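Open the model in a viewer with selection by residue number. The stops below follow one another, each with something to select.

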Amino acid sequence: MVSKIVVESIEFVGPKWARTQRIEIPSNEGVKIGKDRKNHLVVTEALTKSPPSREHCTITVERENLFLQDHSTNGTAILRLNGTNRSLIEIKGRKEPIFMTDFIFLGDGMSGNIYRVQFVH
């Protein structure tokens, strides 16, 4: 049984990538990401190419699987890494399963903040 969802925000700082935020939320709550201060992860517009929405997206656990629900105007992108293959899945207003090797980008395409999601049993 999944007990916690762990989300890390990763940004390019100087010559390297750096983790800027890390949160752990009980899995029954889900994780809310957006520019409203009521969210678990608050995103500033300066860090994204496309402005984030107040409630941009939500990450939830359903039957031991992670899902990302987009609530935004500009959409959310998932970079899916599968061995040597990679694909960019752009979602807008819908729910998509996410995996522990995926990276999440707010807005259109691969820009702005990057999020990595894990869960703890």
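Is glutamate 96 buried or exposed? Select glutamate 96: at 14% relative accessibility it counts as buried, where buried means under 20% relative accessible area, exposed means over 50%, and partly exposed lies in between (1.4 Å probe, protein chains only).

Some ground rules before moving on. The model is predicted, local features need pLDDT of at least 70, side-chain atom pairs count only at pLDDT 80 or more, and totals for chains, interfaces and linings use all residues. Residues are numbered from 1 along each chain as its sequence is written, and side-chain values use heavy atoms, with hydrogens and water left out.

**Colour by confidence**

Colour the chain by pLDDT, the predictor's confidence in each residue on a scale from 0 to 100. The mean for the protein chain is 80, and 79% of its residues reach 70 or more. Confidence is highest in β9, at 94, and lowest in strand β11 (residues 114-120), at a mean of 68. Where pLDDT is low, the predicted coordinates should not be read in detail. Strands here are DSSP runs (E, at least two residues), as helices are (H or I, at least four residues), numbered from the N terminus.

**Salt bridges**

Arginine 94 is partly exposed, with a relative accessible area of 36%.

Next, select lysine 95 and glutamate 62, whose side chains meet in a salt bridge (2.7 Å, N to O). Lysine 95 is in strand β9 (residues 95-98) and glutamate 62 in strand β5 (residues 57-62), so this pair ties together parts 33 residues apart in sequence. Lysine 95 is partly exposed at a relative accessible area of 38%, and glutamate 62 is partly exposed at 27%.

Then select aspartate 102 and arginine 80, another salt bridge between side chains (2.8 Å, N to O). Aspartate 102 lies in the loop between β9 and β10 (103-106), and arginine 80 in strand β7 (residues 76-82), so the link spans parts 22 residues apart in sequence. Aspartate 102 is buried, with a relative accessible area of 3%, and arginine 80 also counts as buried, at 16%.

**The open sheet**

Show the strands as cartoon. Five of them form an open sheet of mixed pairing, in the order β4-β3-β5-β6-β9; two strands pair if DSSP finds at least two bridges between them. β4 (41-42) and β9 stand at the edges with a single partner strand each, so one side of each has no neighbour in the sheet.

Zoom in on β9 and strand β6 (residues 65-70), which run antiparallel and are joined by four bridges. Leucine 66 has isoleucine 98 in β9 as its bridge partner.

**The nonpolar cores**

Which residues touch the most other members of the largest nonpolar core? Select Val7, Val31, Ile33, Ile59, Ile98, Tyr115 and Val117, out of 20 residues in that core. Such a core is a set of buried Ala, Val, Leu, Ile, Met, Phe, Trp, Tyr and Cys residues joined through side-chain atoms within 4.5 Å. Elements giving two or more residues to it are β1 (4-13), β2 (16-26), β3 (31-34), β5, β6, β8 (85-91), β10 and β11. A second, separate core has five residues, among them Ile10, Ala77, Leu79 and Phe105.

**Threonine 76**

Go to strand β7 and select threonine 76. Threonine 76 is buried, with a relative accessible area of 1%. Its side chain makes a polar contact with the side chain of aspartate 70 (2.6 Å). A polar contact is a pair of N or O atoms within 3.5 Å; within protein, one must be able to donate a hydrogen and the other to accept it, and residues adjacent in sequence count only if both atoms are side-chain atoms.

**The β5-β6 loop**

End at the loop between β5 and β6, which holds arginine 63 and glutamate 64. Arginine 63 has a phi near 50 degrees, a positive value in a residue other than glycine, and counts as exposed at 79% relative accessibility. Glutamate 64, also not a glycine, has a positive phi of about 70 degrees and is partly exposed, with a relative accessible area of 35%.

Note on methods: A salt bridge is a side-chain nitrogen of Lys or Arg within 4 Å of a carboxyl oxygen of Asp or Glu.
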